[in-house]
Amino acid sequence: MTERLDWIDPTLREWDCTVLSSDPEGGIVLDRSAFYPGGGGQPPDHGVLLWEGVQTRIVDTRKGDDQYLIPAPGDPVPPPGTTVRGALDDERRSSLMRTHSGLHILCGAVFRDFGALVTGGNMQPGEARMDFNLPEVPAGFKQALEDAVNAEIVADRKIVARVLPREEALRIPTLVRTQDALPPLENPEIRVIDIVGLDVQADGGTHVASTAQVGRVEVVKVESKGRQNRRVRIRIAGPRS
């Protein structure tokens, strides 16, 4: 199985590795990879593999029995056994990390202040949306929520990733903030993201090291999506500290 370097060090952007298997259509499997494969609303990373003076662009990832990196159509594919250097698109990954952490801050603030669970979400670099089971919102909700999120950013809370035994993780009362989802039952361990003092929940994505690194968050719009649901759209509007 591919070693998950993105979990070990989310700041890693280049590394050396070996191709375990490759196919122009099926994808490329590496022995170690920092490419986030996508999931939980966070899109997969883009980047390149450099080998023997050749460049292979990676434009997607397919998850199956392992992580399969999908090359750009027409690009050469390194054969099994080739030593390659992987390199991520830094701007895309860094923006996704800030956006993902911003969503967790939003989730923590809404749960703390309104007790609402998440019913859906999605993100792209620099912008995202999250849906909440929130039948009613008070007057001034949009601005109050933006102020609450940015107060947590200014507080510069640490963001810590931990992998816990499943039984230990499930004792965390706030582990699952989605209304209908549980971590996969077959996993003996669960990765947990802790925004210290605000939010602890199961999550497999990549994050910045502290809330201050997110930068200012703008709540762009609050929409009604049925009688019970409210959709909150955010944008990362300021530079990270």
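Analyst: Happy to; below we take the labels one at a time, keeping in mind that this is a predicted model.

User: Why are E14 and E15 called paired?

Analyst: Two strands pair if DSSP finds at least two bridges between them. Seven bridges join E14 to E15 (residues 229-236), so the pair qualifies, and the two strands run antiparallel. As an example, Glu 218 stands opposite Arg 235 in E15.

User: How do you know which strands are the edges of that sheet?

Analyst: The sheet is open, with four strands in the order E9-E10-E15-E14 and antiparallel pairing. Strand E9 (118-124) and strand E14 (217-224) each pair on one side only, which is what makes them the edge strands. Neighbouring strands here are turned by 15° against each other on average, ignoring direction.

User: What makes you say that helices pack on this sheet?

Analyst: Contact means heavy atoms within 4.5 Å. H2 touches E9, strand E10 (127-133) and E15, and its direction makes about 25° with that of E10. Helix H3 (residues 141-154) touches E14 and E15, with its direction at about 145° to that of E14.

User: Which strands does E8 pair with, and how do you know?

Analyst: The same test of at least two bridges applies. Strand E2 (residues 14-23) is joined to strand E8 (residues 83-88) by five bridges, and strand E5 (residues 47-51) is joined to E8 by four. Both counts meet the cut-off, so E8 pairs with E2 and with E5; each pairing is antiparallel. Within E8, Ala 87 is the bridge partner of Glu 14, while Leu 88 is that of Gly 47.

User: What lines the second largest pocket, and how are those residues classed?

Analyst: This pocket has about 240 Å³ of space. A residue counts as lining if it has an atom within 4 Å of a pocket point, and 19 residues do so; Pro 10, Met 97, His 207, Val 208 and Ala 209 lie nearest the centre. By class, the lining has 10 nonpolar, six polar and three charged residues. Helix H1 (5-8), helix H2 (90-114), strand E11 (159-165) and strand E12 (189-195) each supply at least two lining residues, and E11 gives the most, with three.

Definitions and conventions. Residues numbered from 1 in each chain as written. Predicted model: local features only at pLDDT ≥ 70, side-chain atom pairs only at ≥ 80, totals over all residues. Heavy atoms only, no water. 1 Å grid on protein atoms, 1.4 Å probe; cavity = no way out; pocket = protein on both sides within 12 Å on 5 of 7 lines; lining within 4 Å. Points joined across faces, edges and corners; volume = space filled by probe spheres on them. Nonpolar A, V, L, I, M, F, W, Y, C, P; charged D, E, K, R; others polar. Axes fitted to C-alpha atoms, helices over the stretch in contact; angles between N-to-C directions.
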